[in-house]
Amino acid sequence: MAISKRNEGAKVNSDINVTPMVDVMLVLLIVFMVITPMLQKGVSVDLAKVNNPSPMADADKEDALIVAVMRDGKVFFGNDPTPADQLTQKVKDRLANRLDKRVFVRADARAKFGSVVSVVDNVRAAGVDQLGLLTDQKKTTTGAPPAGSAPTGQ
């Protein structure tokens, strides 16, 4: 009678199967690519670029009041198109029960100055305490001084 030996240790596969991980990563990439454009608040505006913007973290809040002025002079309050003459009343209605009476204006860099001034005037007429003009940071140039150095003569 012969004794049969089982050699189960030779059948063990110690390679890591990365296919499920790659599938999950591709799904997550697609989800983030689809969701990211939806996270932008308001309408798309080509903001003016400045060298020294001041940070306005309150503009990113969920309940921030944002007025956008498009290149062609159209005005949006949040995502809703609003005629300039009705803007004052809409801002008043939104500010009625708020303690923070702050409104942010996103004006296109190529919008006419007169239309931006008209919007600012209408927002101020609604009783706004603080008005923020949103801008973008200019890209640094090679001739600019390093960020850590202070200009002389101050």
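**View 1. Leu-65, a buried residue of the predicted model****.** Leu-65 has a relative accessible area of 2%, so it counts as buried. This residue is found in strand β2. Apart from residues up to four places away in sequence, Leu-65 touches Phe-77, Arg-94, Leu-95, Arg-98, Arg-102, Val-103 and Phe-104. Leu-65 and Val-91 are 26 residues apart along the chain, and their C-alpha atoms are separated by 8.3 Å.

**View 2. The largest nonpolar core****.** This core has 17 residues. Those with the most contacts inside it are Val-67, Val-69, Leu-87, Val-91, Val-103, Val-119 and Val-123. At least two residues of the core come from each of β2 (65-69), β3 (75-77), α2 (87-95), β5 (102-107) and α3 (113-125).

**View 3. The surroundings of Val-103****.**

**View 4. The buried residues of helix α2****.** Leu-87, Thr-88, Val-91 and Leu-95 are buried in α2. These residues lie on the same side of α2, because the arc they cover around the axis is only 100°. The elements covering the buried residues of α2 include β2, β3, β5 and α3.

Definitions and conventions
Residues numbered from 1 in each chain as written. Predicted model: local features only at pLDDT ≥ 70, side-chain atom pairs only at ≥ 80, totals over all residues. Heavy atoms only, no water. Core = buried A, V, L, I, M, F, W, Y, C linked by side-chain atoms within 4.5 Å. Buried < 20%, exposed > 50% of the residue type's maximum accessible area, 1.4 Å probe, protein only. Helix = DSSP H or I, 4+ residues; strand = E, 2+ residues; numbered from the N terminus. Contact = heavy atoms within 4.5 Å. Arc of directions from axis to C-beta.
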